[in-house]
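Trainee: I have a model open and would like to learn how to read it. Can we go through it feature by feature?

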Amino acid sequence: MRQYVILGCGPAACAAAREVRVQDPRGRVTLVSREFTPFYLRPALADFVAGSVGREALVQQYPGILEDPEIEVRAGCRVYRVFPHESRVLLSDGTSLYFDRLLLATGAAPRLSDYAARLRNKVTTLSCLADAVRIARAGLERDAWVLVSGEGHAGLESVRAFVQRGHRVIYLTTHTRFWSPHSSVARSEVLQKLLKEKVEVLFDEAVLDLLDLNGERYRVVSSSRRTIDVSLVCEARELVPVTDYLEGSGLLVDHGVVVDPDLRTNFDGVFAAGDVARVVDAEGNWQRTNFGWESAAQQGRVAGHNLVHGNGLAVTEGDTHFAQLHGSRLLERWQR
Ligand SMILES: Cc1cc2nc3c(=O)[nH]c(=O)nc-3n(C[C@H](O)[C@H](O)[C@H](O)COP(=O)(O)OP(=O)(O)OC[C@H]3O[C@@H](n4cnc5c(N)ncnc54)[C@H](O)[C@@H]3O)c2cc1C
């Protein structure tokens with residue numbers, strides 16, 4: 001009986017676990033998540049903060065996981081190191097998991113700027129359930145000022161969450177990274193929407209320093225030496241693959257875990273899927289990383305099949321495997 005270990009509990013991991021069980025009914029699967037509530041709809045975090053989605057709708061079991069006795073979910077366990085030569089994963093509680101096949105599906109997390117990393121306890125992010133609960137419970141006055149520093153989808157969704165919560169928002173962003181020119185939603189439309197919602201957008205300004213005024217408010221010093229007093233500071237910069245636990249493992253990491261279109265890494269029996277992976281085709285003609293709930297699940301299904309059979313399914317360059325978003329169209333979400 002083969003042991004399959006899957007790192008992560010998001011859509012890529014869960015879709016892979018289900019596919020493994022279909023392809024290898026005798027196989028045993030262990031899923032590992034550093035979060036204590038492993039299953040929830042990450043794309044709905046902004047709606048939860050905004051107050052339009054309750055906890056019951058946000059926290060959803062992935063179908064077919066908990067009811068399967070051959071799938072074990074290790075929640076609240078952080079992967080600390082991976083030793084591919086020993087077929088072993090070390091968790092931060094000191095225990096090890098041994099595998100015949102391993103899937104890395106640890107997703108992506110916001111890249112923190114230097115000041116935010118330094119003052120981590122004074123800056124919030126909105127990328128997981130714990131972040132969202134913390135923001136919702138912070139008890140900010142409805143018209144309190146919030147500063148969001150960020151870009152792209154994560155920046156826009158964070159701004160929306162605070163605006164819809166009734167807060168006043170200052171958005172620090174950059175002209176070049178504010179909105180991807182490749183997006184199906186035009187930059188001008190996004191900017192118009194922000195201005196219509198009375199978001200104060202400051203282009204090409206970054207946070208230089210953050211001073212704690214009195215435990216309730218912060219003074220932000222921006223790169224043009226402007227001072228801005230706010231009740232909350234949120235970092236919402238681009239998401240980067242979570243690969244810190246792979247240090248020293250020998251697995252090839254370069255802006256994500258490098259995999260071929262069959263989602264195989266440079267080690268036999270070790271695969272990667274979803275936001276953590278960077279797919280590079282054999283001829284080097286294309287390479288892509290994922291952002292999107294549905295496409296992460298799609299990659300998970302491919303990985304699940306190949307975990308069992310070694311290969312046989314491949315992802316293609318098309319958006320089905322890389323940019324399939326869950327939820328309504330971005331600007332429609334602003335309608336209240
Ligand atoms: C704020 C925000 C808004 C988004 N909005 C949308 C949207 O509107 N529509 C859309 O389609 N997509 C959206 N996305 C993107 C979408 O959520 C991701 O593309 C998708 O969740 C990726 O799935 P995944 O399985 O690769 O990783 P994830 O869903 O990120 O799951 C990663 C898993 O790995 C676990 N993990 C990470 N590190 C460790 C470790 N060291 N040890 C143990 N466990 C670990 C995590 O706990 C988690 O279970 C949004 C993302 C964010 C952050």
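Mentor: Let's start with the ligand. The shell around the ligand holds 20 nonpolar, 11 polar and 6 charged residues. Ala, Val, Leu, Ile, Met, Phe, Trp, Tyr, Cys and Pro count as nonpolar, Asp, Glu, Lys and Arg as charged, and the others, Gly among them, as polar. Keep in mind that this is a predicted model: local features need pLDDT of at least 70, side-chain atom pairs count only at pLDDT 80 or more, and totals for chains, interfaces and linings use all residues. Residues are numbered from 1 along each chain as its sequence is written.

Trainee: Which residues come nearest to the ligand?

Mentor: A residue is near a molecule if its C-beta atom, placed from the backbone, lies within 6 Å of it. Of the 37 residues around the ligand, the nearest are G8, G10, P43, G107 and G274.

Trainee: Which element supplies the largest share of the shell?

Mentor: Elements are DSSP runs, numbered from the N terminus: helices are H or I with at least four residues, strands are E with at least two. Here α1 gives the largest share, 3 residues. At least two residues each come from α1 (11-23), β2 (28-33), α6 (152-164) and α8 (293-309).

Trainee: How is the protein divided into domains?

Mentor: Domain bounds come from an automatic or database domain assignment. In this case there is domain 1 (3-109 + 240-321) and domain 2 (112-237). Taken over C-alpha atoms, their centres are 29 Å apart. Domain 1 puts 12 residues into the contact and domain 2 puts in 14. Contact means that two C-beta atoms, placed from the backbone, lie within 7 Å. On the domain 1 side, helix α2 (residues 45-50) gives the most, with 5 residues. That side has 8 nonpolar, 3 polar and 1 charged residues. As for the ligand, each domain supplies at least three residues of its shell.

Trainee: Back to β2. Is it mostly covered or mostly open?

Mentor: Count neighbours. A residue is buried if 20 or more other C-beta atoms lie within 10 Å of its own, exposed if 12 or fewer, and partly exposed in between; C-beta atoms are placed from the backbone. β2 is mostly covered, with 5 of its 6 residues buried.

Trainee: Which strands pair with β2?

Mentor: Strands pair if DSSP finds at least two bridges between them. Strand β1 (residues 3-7) runs parallel to β2, joined by 5 bridges. V5 has T30 of β2 as its bridge partner. Strand β3 (residues 71-75) also pairs with β2 in the parallel sense, over 5 bridges. There, V32 stands opposite R74.

Trainee: What is the handedness of the unit made by β1, α1 and β2?

Mentor: Point the strands away from you. If the path from the first strand over the helix to the second runs clockwise, the crossover is right-handed. This β-α-β unit is right-handed.

Trainee: What is the strand order in the open sheet of 5 strands?

Mentor: The order is β9-β16-β10-β11-β12, with parallel pairing. β9 (124-125) and β12 are the edge strands, each pairing on one side only. Strand β11 (residues 168-173) joins β12 through 4 bridges. Y171 stands opposite V201 in β12.

Trainee: Where is K198 found?

Mentor: K198 lies in the loop between α7 (187-196) and β12 (200-203). Its phi is positive, about 65°, although K198 is not a glycine. K198 is exposed, with 9 other C-beta atoms within 10 Å.
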